[in-house]
Amino acid sequence: MVTAQQTDNVKQDTPAAGCRVPYRVFTDRQYYEREQENIFKGECWSFVGLEAEVPQAGDFKSTFVGETPVILTRDSDGGVHVVVNRCAHRGALVCREMRGNRPSLECVYHQWAYDLKGNLIGVPFRRGLKGQGGMPGDFDMSQHNLRKLRAESVGGLVFASFSETVESCRDFLGPIVVEQIERIMCKPITILGDQRQRIFGNWKLYAENTRDPYHASLLHLFHNTFGLYRSTQTGKALMDANKRHSLLYSIAASNDDAADKQAYGDSRSFDTEFKLQDMSLLKGRQEFADNVTLVILTVYPNLVLQQIQNTLAVRQTVTYGPDEFELVWTHFGYEDDDAEMQAIRLKQANLIGPAGLISMEDGEAVEIVQNAIVGEARATSYIAMGGGQADDADHLVTEGAIIGFWDNYREMVGFDLEPT
Amino acid sequence: MSNKLRLCEAASVKDGEPVAAFAEGMPALAVYNVDGEIFVTDNLCTHGNAMLTDGYQDGDIIECPFHGGSFDIKTGAAKAFPCQVAIVSYPVEIDDGWVCITKPEGAA
């Protein structure tokens, strides 16, 4: 029996401002499966890697689009390609290494071989042995290539799509996202390394988290305490025309401690008396002319491109089910970084990633939601900070971009699947 | 002493059906008939561990059974993936109806 109290927060008769998302979208496998079809294999572009990860002909990287394993390759003409990592023969992973360099891709099971574009070029015992066995006479190699995705590079970020009908990647991203990608990818980069993080929660909780400037100054004590990010700073929360993607940015030098003291009062997450014994972690360089010190560019559905102080990184979401995803952080700098700049980036890498002084709390935030909504078929969240609409804001106390995400999600997946 | 090696009777080699041949001090050999003309190459593929005489002859191309790579029978040149290294080919002499090659200098 459902009591009035239990249904209280799903009442739809008062259509007040604000967005309500049923918690079952984070736990019910039906939604997960629909997302794989309609988002990751649907009318979307997913981030798969940086061109700088596959600089030479023959370089490859195994990764994922949603849950589907794919391979990013560089061919001998310099082009990048993305193919499904599944042999056209009997479905084995063709590529079992995370990275490498090969002239061709060869499945270990029966040694079917493919070129770097995914075309089948070799089938052992195709004509049998001494005339016995072999493939049927009408076997046509050209009909058995690896499944090829569309692949496009924007500013050195490679995106792939299963869809033949989706708009070009640049159009999918829109001018705000392209401009921000080009701001960070303004010169040749050098990869510093990966960090990988399994988070036992639904991937969409992270999509919300990275569209949420409101939490950053409340959850992240380090951020706030040392003035890297406060809601009192000059910043904006903007979206593309379709409100799929989100740009959050702030300027750290735009506030002062006295005014902040007044704004935050005695809040738990604000104490200007804290000091680090070694302050070198916070000594970076101003490297962008616009003075922006924090950019969280969240690209639907699976990418964050970030600048936090002098850390530069992409974060890719890989889904493993309704309640598990992996976050792959690829840190990078610029080819022309001097030794000191490289040292700054490496030291500041302590701010981000799975155990980062800032970022560790986001993984935890995702998991405490997942743990609390388990088995909940009816209740919803309530998202209204900043006005309850998918609106841009010239401040940081908003959840508008989260609503933008859900508006798109509702269109592509829907909220109203029958409970399984 | 002659270095001429007799491999097999030319008449026993049919177009499209290469024949394995063995001669002392030589690697395994393959004898082909291409349109009535006889050719000899090494038999072991330069890529995988397979005998070309178990493969498929298509005109002057021999396709390895193992991975489907191929060689030009007349020159030994590698023709298709994954074969990249040419196979050794030998000048042929027909002597009294026998296929013969000259044992290369330095062969054991």
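This is a predicted model: local features need pLDDT of at least 70, side-chain atom pairs count only at pLDDT 80 or more; totals for chains, interfaces and linings use all residues.
**Entry 1. Terms and model.**
I take strands to be DSSP runs of E with at least two residues, and helices to be runs of H or I with at least four, each numbered from the N terminus.

**Entry 2**
I looked up the backbone of Gln309(A) and found phi near 55°, a positive value in a residue that is not glycine. I then turned to the strands on either side of this loop. Strand β15 covers residues 303–308 of chain A, strand β16 covers residues 311–319, and six bridges join the two. They run antiparallel. I also recorded one facing pair: Ile308(A) stands opposite Thr311(A) of β16(A).

**Entry 3. The sheet of chain A.**
In what order do the seven strands of this open sheet lie? I read the order as β11-β17-β16-β15-β14-β13-β12 in chain A, with antiparallel pairing. The edges are taken by β11 (189–199) and β12 (234–239) of chain A, and each of them pairs on one side only.

**Entry 4. Two cis peptide bonds.**
I found a cis peptide bond between Tyr300(A) and Pro301(A), with omega about 0°. Pro301(A) is in the loop between β14 (294–299) and β15 of chain A. In chain B, a cis peptide bond joins Phe81(B) and Pro82(B), and omega is again about 0°. I located Pro82(B) in the loop between β8 (78–80) and β9 (89–90) of chain B.

**Entry 5. The sheet of chain B.**
I next examined an open sheet of three strands in chain B, ordered β1-β11-β10 and paired antiparallel. Why is one side of β1 and of β10 left without a neighbour in the sheet? Strands β1 (4–9) and β10 (92–95) of chain B stand at the edges with a single partner strand each, so one side of each has no neighbour there. The twist from one strand to the next averages 35°. Four bridges join β10(B) to the antiparallel strand β11 (residues 98–102) of chain B. Within this pairing I noted Ile94(B) opposite Val99(B) of β11(B).

**Entry 6. The annotated domains.**
I consulted the UniProt record, where an unreviewed entry places "domain: Rieske" at residues 45–160 of chain A. Over that stretch I read 0% helix and 39% strand, with the end C-alpha atoms 5 Å apart. An unreviewed UniProt entry also gives "domain: Rieske" for residues 5–101 of chain B. There the chain is 0% helix and 43% strand, and its end C-alpha atoms are 5 Å apart.

**Entry 7. Where chains A and B meet.**
How many residues of chain A are in contact with chain B? I counted 13 residues of chain A in contact with eight residues of chain B. The two chains bury about 1,000 Å² between them, and 55% of this lies on carbon and sulfur atoms. On the side of chain A, the residues that lose the most area to chain B are Phe125(A), Arg127(A) and Lys130(A), which together make up 41% of what that side buries.

I then looked for charged pairs across the interface and found one salt bridge between the chains. Glu63(B) forms this bridge with Arg127(A), the closest N and O atoms being 2.8 Å apart. Finally, I recorded four residue pairs in polar contact between chain A and chain B, with both residues at pLDDT 80 or more.

Definitions and conventions
Residues are numbered from 1 along each chain as its sequence is written. Chains are lettered from A and ligands numbered from 1 in the order in which they are written. Side-chain values use heavy atoms; hydrogens and water are left out. UniProt positions are given in the numbering used here, feature names are shortened, and annotations may be inferred rather than shown by experiment. Two strands pair if DSSP finds at least two bridges between them. Contact means heavy atoms within 4.5 Å. Buried area is the accessible area (1.4 Å probe) that two parts lose on being put together, summed over both. A salt bridge is a side-chain nitrogen of Lys or Arg within 4 Å of a carboxyl oxygen of Asp or Glu. A polar contact is a pair of N or O atoms within 3.5 Å; within protein, one must be able to donate a hydrogen and the other to accept it, and residues adjacent in sequence count only if both atoms are side-chain atoms. Axes are lines fitted to C-alpha atoms, for helices over the stretch in contact, and angles run from 0 to 180 degrees between N-to-C directions.
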